[in-house]
Amino acid sequence: MYSLFEKLYRVLMMNILVLGGTGAMGSYIVKILAKQGYEVDVTSRKRHKDREESIHYIQGNAHEVDFVIQLLTSEHYIAIIDFMLYTTHEFEEVYKIYLDYTDQYFF
């Protein structure tokens, strides 16, 4: 996904993952975080071009646990901000994973 240089740079930055970040609330928060100096990864089921240097769109379905685990094991995020809608069963399946792989989880 990223070159070695980009990975080293991103380790030193404060990275935030936004799940469902292309909706009405998420897209607004993503812009604020980027202006604050954060590197922001945004999941979306549709392909989006990176419009700003610090905002990176990752195509995939955040409801798929394997997709999320792949993201979380390839990158360290200081926070996950989650705008996804879950059934009770789905949430029970993922919230512990999010808590294990980040410093803060906002739902």
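1. Two strands pair if DSSP finds at least two bridges between them; strands are DSSP runs (E, at least two residues) and helices likewise (H or I, at least four), numbered from the N terminus. With that in hand, strand 1 and strand 4 (residues 77–82) pair in the parallel sense over 4 bridges. Val18 has Ile81 as its bridge partner in strand 4.

2. A word on the source: this is a predicted model, where local features need pLDDT of at least 70, side-chain atom pairs count only at pLDDT 80 or more, and totals for chains, interfaces and linings use all residues. Residues are numbered from 1 along each chain as its sequence is written, and side-chain values use heavy atoms, with hydrogens and water left out.

3. Strand 1 also runs parallel to strand 2 (residues 39–44), joined by 4 bridges. Here Ile16 has Val40 as its bridge partner. The chain gets from strand 1 to strand 2 through helix 2 (residues 24–35), in a right-handed β-α-β crossover (with the strands pointing away from the viewer, the path from the first strand over the helix to the second runs clockwise).
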